[in-house]
Amino acid sequence: MGIGGSDMYRQQILDHYKSPRNYGELEDPTFTHVGENPMCGDTIEMDVVLDDDEETIEAVAFRGDGCAISQASASMLSEKLQGMTVEELRDLDRDDVTDMLGVEISPMRVKCAVLAEKVAQDGADIYFEELDVDKTTTED
């Protein structure tokens, strides 16, 4: 795939940006977490509902503001997470997200692309009391 990816994937990103899936809030989420990319101002807040055994993700909703990459990534990820186990969520990495987007992401935009993934992972870790942070950032 060339720099910037194919037109099909660019169209998919624009579609998710203009018509995000699962945008909004969930009633009575198991956990909610917010994160930001302070370098560019992207923000994502994600609600997650787990099943009764707290092992599988039943529903995801997000809201936020930011560039097309961050918002499209959140939209695509919100679809992908439903039905995943918490362990599968924890195992996601940068490559999984960039592969999902289908385009080559410049080093400056990777933090935009992975923000939603980090918010979901940190939210789960906080819920299960394995991480002590108030807000996720992609700033290192």
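**Close-up views of a predicted model**

**View A. Around S70 in the predicted model.** In this predicted model, S70 makes contact with D42, I44 and C112, leaving aside residues up to four places away in sequence. S70 itself belongs to helix α2. With a relative accessibility of 1%, S70 counts as buried. Take a look at its side chain too: the side chain of S70 reaches the backbone oxygen of C67 at 3.2 Å.

**View B. S73, another residue of helix α2.** S73 also sits in helix α2. Its relative accessible area is 1%, so S73 is buried, the cut-off being under 20%. Residues up to four places away in sequence aside, S73 touches V97, M100, L101 and A113.

**View C. Where helix α2 meets helix α4.** The two helices pack at an angle of about 100 degrees, and their axes are 10 Å apart. Angles of 65 to 115 degrees count as roughly perpendicular, and α2 and α4 are therefore roughly perpendicular to each other. On the α2 side you will find I69, S73, M76, L77 and K80, while α4 brings D96, V97, M100 and L101. Sorted by class, this contact of α2 with α4 has six nonpolar, one polar and two charged residues.

**View D. Where helix α1 meets helix α2.** Helix α1 spans residues 7-18 and helix α2 spans residues 68-81; they pack at an angle of about 85 degrees with their axes 8 Å apart. That angle makes α1 roughly perpendicular to α2. From α1 come Q12, I13, H16 and Y17, which meet A68, I69, Q71, A72, S75, M76 and E79 of α2. The residues of this contact comprise six nonpolar, four polar and one charged.

**View E. The largest nonpolar core.** This core holds 34 residues, and those that touch the most other members are I44, M46, I57, I69, L81 and L101. Two or more residues are given to the core by each of β2 (42-50), β3 (57-65), α2, α3 (86-91), α4 (94-101) and α5 (110-127). Which element gives the largest share of this core? That is α5, with nine residues.

**View F. M46 and its neighbours.** Not counting residues up to four places away in sequence, M46 touches F31, T32, H33, V60, A61, F62, L81, A116, V119 and A120.

**View G. D93, in the loop between α3 and α4.** Here we move to a loop residue: D93 lies between α3 and α4. Is D93 buried, exposed or partly exposed? At 37% relative accessibility, D93 counts as partly exposed. The side chain of D93 reaches the backbone nitrogen of D95 at 3.0 Å. D93 and K118 are 25 residues apart in sequence, and their C-alpha atoms are 9.0 Å apart in space.

**View H. E129, in the loop between α5 and β4.** Our last stop is E129, found in the loop that runs between α5 and β4 (136-137). The relative accessible area of E129 is 73%, and E129 is exposed.

Definitions and conventions:
Residues are numbered from 1 along each chain as its sequence is written. This is a predicted model: local features need pLDDT of at least 70, side-chain atom pairs count only at pLDDT 80 or more; totals for chains, interfaces and linings use all residues. Side-chain values use heavy atoms; hydrogens and water are left out. Axes are lines fitted to C-alpha atoms, for helices over the stretch in contact, and angles run from 0 to 180 degrees between N-to-C directions. Helices (H or I, at least four residues) and strands (E, at least two) are DSSP runs, numbered from the N terminus. Angles under 35 degrees count as roughly parallel, over 145 as roughly antiparallel, 65 to 115 as roughly perpendicular and the rest as oblique. Contact means heavy atoms within 4.5 Å. Ala, Val, Leu, Ile, Met, Phe, Trp, Tyr, Cys and Pro count as nonpolar, Asp, Glu, Lys and Arg as charged, and the others, Gly among them, as polar. Buried means under 20% relative accessible area, exposed over 50%, partly exposed in between (1.4 Å probe, protein chains only). A polar contact is a pair of N or O atoms within 3.5 Å; within protein, one must be able to donate a hydrogen and the other to accept it, and residues adjacent in sequence count only if both atoms are side-chain atoms. A nonpolar core is a set of buried Ala, Val, Leu, Ile, Met, Phe, Trp, Tyr and Cys residues joined through side-chain atoms within 4.5 Å.
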